Amino acid sequence: MRHIFMIALVPALVAGATSAHAHATLATASPAVGSAVPTAPRAVSLSFTEKLEPAFSTIQVLNSAGARVDQGKAQVDRANPTVLKVGLTPLPPGTYKVQWRVLSVDTHTTEGSFSFRVGQ
Amino acid sequence: MGDPLVVARITHLIASALVAGTILFVHFVAEPVFRQKSAPPALVAWFGARTASLVWVSLAVALASGTAWLLILAAKIGGQSIADALTTDTASVLLTETTFGLIWQVRLVLAALLTAGLLLRARTPAGARLLGWFAVIVSACLVGSLAFVGHAGATPGSAGTLHAAADCLHAIAAGAWLGGLPALVLFIRPQRSMSNDDDPMIAADAVRRFSTLGIAAVGTLVASGAVNAWFLAGSIDALIQTDYGRLLSAKLALFLAMVCLAAVNRLRLMPRVAADNSSADRDSHAIRAIRRHALIELALGLGVFIIVGILGTIPPGGHVHEPGHDHLHTD
């Protein structure tokens, strides 16, 4: 009987493990993905679904000419290791592209990009 | 499967499980049986030598495959060759500045401690018991710590702590059961060539003890899996629709088959061992059937490890994507 009970538990077991292996994906961004902001943000802050490795996680912010406008090394938030931030130089109105590449603590690399607009 | 990273992971998982499983078998199964049944010294020496070889070879393979895992991963993260990952900083940064690297270093220390513990020879029975427990605890930590380089280590917040704890127990239980199977097969094998009247009962007692260990392991595997289930729900569709889900289903099917074989051993064959013995049938059919089942379980267990090794490197269900594709969840 004990074994039958265990067998009955297995589907629950499967359901759990399936989505447990999540890689770090972008949950929220500030400025938001595809958004237009009236004033220039001082930083780009990205929140992911998993804890990140600071040593291998980067954000690059490019202007429409392809020049970098970020202040270099992105920092993982100490209090919340799922958040990656990078400072920005003062941005004139225009469209900017954010390219990110992160290594989650379970050693999976993911990357992506999005744009936001400053001013009209 | 052809991916060197997957091969290194699978090899490392199997080798780590063999180290822990063999040490646990010796401590919780073989030694108590030998003590109680006053086993022939030749059998004790033969089994001791075989299991020692098994542990040393597994430990060496674990070290080699663990190193390969680190180097191949560094090359992959850096988008470089292994040689470049070593000469540039990628490998050393991976080793010194990431959780993966930290756990890697801790596990190297555990392997060194285990080596020292296995090399020491106790002068008193109390010292021998102490060394035995030391090997059990360190080897369990060696296999359990694998959980922290997996996905559970990346789960944020306090949920992550529970997730990692459950995965840690999952790894130890898998190691105790699957990793102990080769030692069980070895233990049963020499019985026919020995000429001691107690032999079939020695094997039967070992099977009974290992089966009890197995029930504890299966219970732990199910409970730790249930913790995962409590965290996350609603992905039954992904089980059928993604490679990830299909592999996971295959793993569960293998697990179920193993549990069934173990149940047959426990509920049907073990009572027959005693009967066979009393009817003076020295070449016990039931014992041979149990050994055959253990070999089948071993093959199924190998399949489980191969699947686990692959699962850790492919995108999970619901997150299948092309390389370079945006992972945007724009809520």
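**Ground rules**

I number residues from 1 along each chain as its sequence is written, and chains are lettered from A, with ligands numbered from 1, in the order in which they are written. Since the model is predicted, local features need pLDDT of at least 70 and side-chain atom pairs count only at pLDDT 80 or more, while totals for chains, interfaces and linings use all residues; side-chain values use heavy atoms, with hydrogens and water left out.

**Entry 1: chain A overview**

I started with the element list. Helices (H or I, at least four residues) and strands (E, at least two) are DSSP runs, numbered from the N terminus. Chain A has 1 helix and 8 strands, and from the N terminus on the order reads α-β-β-β-β-β-β-β-β.

Next I looked up burial, where buried means under 20% relative accessible area, exposed over 50%, and partly exposed in between (1.4 Å probe, protein chains only). Of the 120 residues of chain A, 51% come out as buried. I also checked contacts, meaning heavy atoms within 4.5 Å. Among the chain A contacts with a separation of 6 or more, 57% are between residues 24 or more positions apart.

**Entry 2: the sheets of chain A**

For pairing, two strands count if DSSP finds at least two bridges between them. Strands of a sheet pair through backbone hydrogen bonds, either parallel or antiparallel.

One open sheet of 4 strands in chain A runs β1-β3-β6-β5, with antiparallel pairing. Which strands stand at its edges? They are β1 (26-30) and β5 of chain A; each has a single partner strand, so one side of each lacks a neighbour in the sheet. Inside this order, β3 (residues 43-48) and β6 (residues 83-87) of chain A pair antiparallel over 5 bridges. I noted A:V44 opposite A:V86, and A:S45 with A:K85 as its bridge partner in β6(A). A:K85 turns up again as the β6(A) bridge partner of A:Q75. That pair belongs with the antiparallel link of β5 (residues 75-76) to β6(A), which has 2 bridges. A hairpin through 6 residues joins β5(A) to β6(A).

The other open sheet I wrote down has 4 strands in the order β2-β8-β7-β4 (chain A), and its pairing is mixed. Here β2 (36-37) and β4 (58-62) of chain A are the edge strands with a single partner each, so one side of each is left without a neighbour in the sheet. I followed β4(A) to β7 (residues 94-103) of chain A: they run antiparallel and share 5 bridges. A:T58 has A:R101 as its bridge partner in β7(A).

The peptide bond joining A:S30 and A:P31 is cis, with omega about -5°, and A:P31 sits in the loop between β1 and β2 of chain A. A:T107 has a positive phi of about 65° although it is not a glycine. This residue is in the loop between β7 and β8 (109-118) of chain A. Is A:T107 buried or exposed? It is buried, with a relative accessible area of 11%.

B:T51 is in helix α2 (residues 41-78) of chain B and counts as buried because its relative accessibility is 5%. Leaving out residues up to four places away in sequence, B:T51 touches B:T22, B:V26 and B:A183. Its side chain reaches the backbone oxygen of B:G48 at 3.2 Å. I also logged a C-alpha separation of 9.3 Å between B:T51 and B:F187, which are 136 residues apart along the chain.

B:D205 is in helix α9 (residues 199-231) of chain B and, at 7% relative accessibility, is buried too. The B:D205 side chain makes a polar contact with that of B:R208 at 2.8 Å. A polar contact is a pair of N or O atoms within 3.5 Å; within protein, one must be able to donate a hydrogen and the other to accept it, and residues adjacent in sequence count only if both atoms are side-chain atoms. Outside four places in sequence, B:D205 is in contact with B:V33, B:Q36 and B:K37.
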